[in-house]
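Keep the structure open while you read.

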Amino acid sequence: MPYIADCRITTHQEVAPEHYRLVVHAPQLAKEAQPGQFCMLQVREGHYPFLRRPMSIERIFADGVSFLYKVVGEGTRMLSGMSQGQMLNVQGPLGKPFPRESGFDRYIITAGGIGIAPFPALADALKRELGKAPEVIIAARTERFLLCEKDFRQMGCKVHFATDDGSAGEKAFASEVLKRLSPAAGTVVYACGPMPMMKATHAVCAAAGAVCYASLEAEMACGDGVCLGCVVEANVEVETERMVRVCKDGPVFDTQLIQWESY
Amino acid sequence: MGVNLQVNVGGLIMKNPVTVASGTFAYGQEYDQYFDIAQLGAVTVKSLSIQPRAGNRPPRLVETPAGMLNAIGLQNVGIDAYLRDKLPYLREKGCTIIGNIYGHAPEEYAELARRLEAENGADAIEANLSCPNVHDARTVRGGALVAQAPERVAEYTRAIKAATKLPVFVKLTPNIIDIVEPALAAQEAGADGVALINTLLGMGINPETRRPILRNIVGGLSGPAIRPVALKMVWDAAKHLRIPIIGMGGICSAADAMQFILAGATAVAVGSYSFRQPDAALRVIQGLEAYCQRHQVEDIRQLIGAMEA
């Protein structure tokens, strides 16, 4: 069940230009949160911005959770101005988590840009619950936006880099690196990033017979299945059921469900 | 001091004057996890149509200054699934229900009203004659919405009234020059109340891609940005109507709700603010009671239309 509570900000730091890690004290929320779920953050009182901001949960601790976000507009700009010790109103945990099923030969995480946000918690859970440290592809425009490398290495994950400009790792898209890792039947791939990146990831997985789960992003008002604003088009036979809600039916979807032709 | 908050909206008894705007509360259950929704004066459900509707293609929603634009397009489960899957929860909770309906012709509205009454699916009907998001944006012009043509408002209202004994409210559009005309047409055709206002038409363009932000191009603007417009329309209509008004448009607080009551609304609805604060309507109820105590008003009905000019 989601909570709504004022939570104290215990850490708030810039981890790369325009990228921040925010940790809040929220024991109840942390107890229920699962990797892949998200929270709706109320960046300030008053009517501007009007809506909360959805943020993936980055790490789940005993007494709180962290978020990793990029400043993309005025709401996240205001959020970035909040200081340690201030109270932030948080609603969550919301949405469906990443499935964590045993029995796969390989677990691969692939992240584009700020799409890395939900994965430290997932890698940690896979390691603890299944004894498998996933391989991780971290892709970004350029080297300084490659985030969380240290966290993944500490968990024993093998890390691959891809950058648009070749400043670190391969000068390639995440999906190209994934393809060279030869996913196959028995591989599960977790993806999060820009829509074209996830579309390409789905294509690689579909061709290889690998299972792929993607965490999608959409503008949303409520975060809890009410407003129907955040839908994406799904491959569903019943025409009237083809709009699925990123907030409630997702944000994590089996990529076979999504109509990628639209993106 | 005990305060009476109960109101009679055209035959619908509400234990307090606060409901929620259709489309901002789904079918209630989703927000019952945050507060006891049976405390609301009424739950107004998402528009119901005879057949389920997929709604418009995304993107459907974007935030705007002090509000939001949406072009959902009346995605809903349809009347059958509502009666089968959604209604039992609301009845079990003891909620008063306003059944919002949408159809393509007067006969469809009549059919929906009949079904809701026959199957105890609602305690009052709210006819949505004003959704801006179910027409092709490239061709939509004045008169495309039923609520933009008073004679059509009358025709639809008569058809619904002939089909049910439940109180019938007609939800009107602000995308019109004079709200009094369709409101009077509804009253003369037998409506038991009017709901004012639906969303204002608006749009957004991404200057970088030069494309519309919403796939539908245009959408409906809601939130505090439209509150002064809504309030003025309620005030205008109240001066000319005998039937009660349910006022809505950007209400976030009891102070906002009081403005609508003072302007002449018998009841109010909290709309898109519930998206941000799921228990916003409950806080409005509590705030109205506190307001009455602070102003030593024993009965909130004394405040309806009590603006001192």
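The model is predicted. In chain A, strand β6 pairs with both β1 and β3. In chain B, an open sheet of 4 strands and a packed pair of helices are described. The largest nonpolar core has 199 residues.

**Chain A: strand β6 and its partners**

- Strand β6(A) covers residues 87-94 and is mostly covered, with 6 of its 8 residues buried.
- Strand β1(A), residues 3-16, runs antiparallel to β6(A), and 6 bridges join the two.
- Ala5(A) has Val90(A) as its bridge partner in β6(A).
- Strand β3(A), residues 38-42, is also antiparallel to β6(A), through 4 bridges.
- Here Gln42(A) stands opposite Asn89(A) of β6(A).

**Chain A: strand β4 and its partners**

- β4(A) pairs with β3(A) in the antiparallel sense over 4 bridges.
- In that pairing, Leu41(A) has Arg53(A) as its bridge partner in β4(A).
- β4(A) also pairs with β5(A), residues 64-70, in the antiparallel sense over 3 bridges.
- Ile57(A) stands opposite Phe67(A) in β5(A).
- β4(A) and β5(A) form a hairpin, with 3 residues between them.
- As a general point, strands of a sheet pair through backbone hydrogen bonds, either parallel or antiparallel.

**Chain A: Gln34 in its loop**

- Gln34(A) sits in the loop between α1(A), residues 27-32, and β3(A).
- Is Gln34(A) buried, exposed or partly exposed? Gln34(A) has 17 other C-beta atoms within 10 Å, so it is partly exposed. A buried residue would need 20 or more, an exposed one 12 or fewer.
- Beyond its neighbours within four places in sequence, Gln34(A) is in contact with Pro93(A) and Pro97(A).
- Gln34(A) and Pro93(A) are 59 residues apart in sequence, yet their C-alpha atoms are 7.9 Å apart in space.

**Chain B: the open sheet**

- The 4 strands are ordered β5-β6-β14-β11, with antiparallel pairing.
- β5(B), residues 61-64, and β11(B), residues 200-203, stand at the edges. Each has a single partner strand, so one side of each is left without a neighbour in the sheet.
- On average, neighbouring strands of this sheet are turned by 35° against each other, direction ignored.
- β6(B), residues 67-70, and β14(B), residues 218-222, are joined by 3 bridges and run antiparallel.
- Asn70(B) has Gly220(B) as its bridge partner in β14(B).

**Chain B: helices α5 and α6**

- α5(B), residues 180-188, packs with α6(B), residues 227-240, at an angle of about 45°. Their axes are 9 Å apart.
- The two helices are therefore oblique to each other.
- α5(B) passes α6(B) in a right-handed crossing.
- Val180(B), Ala183(B) and Leu184(B) of α5(B) meet Asp236(B), Ala237(B) and His240(B) of α6(B).

**The largest nonpolar core**

- Which residues have the most contacts inside this core? They are Ile125(B), Val170(B), Val194(B), Leu196(B), Val234(B) and Val268(B).
- Not counting residues up to four places away in sequence, Leu196(B) touches residues including Leu172(B), Ile179(B), Met233(B) and Val234(B).
- Ala237(B) is also among those that Leu196(B) touches, and Ala237(B) takes part in the meeting of α5(B) and α6(B).

Conventions
Residues are numbered from 1 along each chain as its sequence is written. Chains are lettered from A and ligands numbered from 1 in the order in which they are written. This is a predicted model: local features need pLDDT of at least 70, side-chain atom pairs count only at pLDDT 80 or more; totals for chains, interfaces and linings use all residues. A nonpolar core is a set of buried Ala, Val, Leu, Ile, Met, Phe, Trp, Tyr and Cys residues joined through C-beta atoms within 7 Å. Two residues are in contact if their C-beta atoms, placed from the backbone, lie within 7 Å. Two strands pair if DSSP finds at least two bridges between them. Axes are lines fitted to C-alpha atoms, for helices over the stretch in contact, and angles run from 0 to 180 degrees between N-to-C directions. Angles under 35 degrees count as roughly parallel, over 145 as roughly antiparallel, 65 to 115 as roughly perpendicular and the rest as oblique. A crossing is left-handed if the near helix is turned anticlockwise from the far one by less than a right angle, and right-handed if clockwise.
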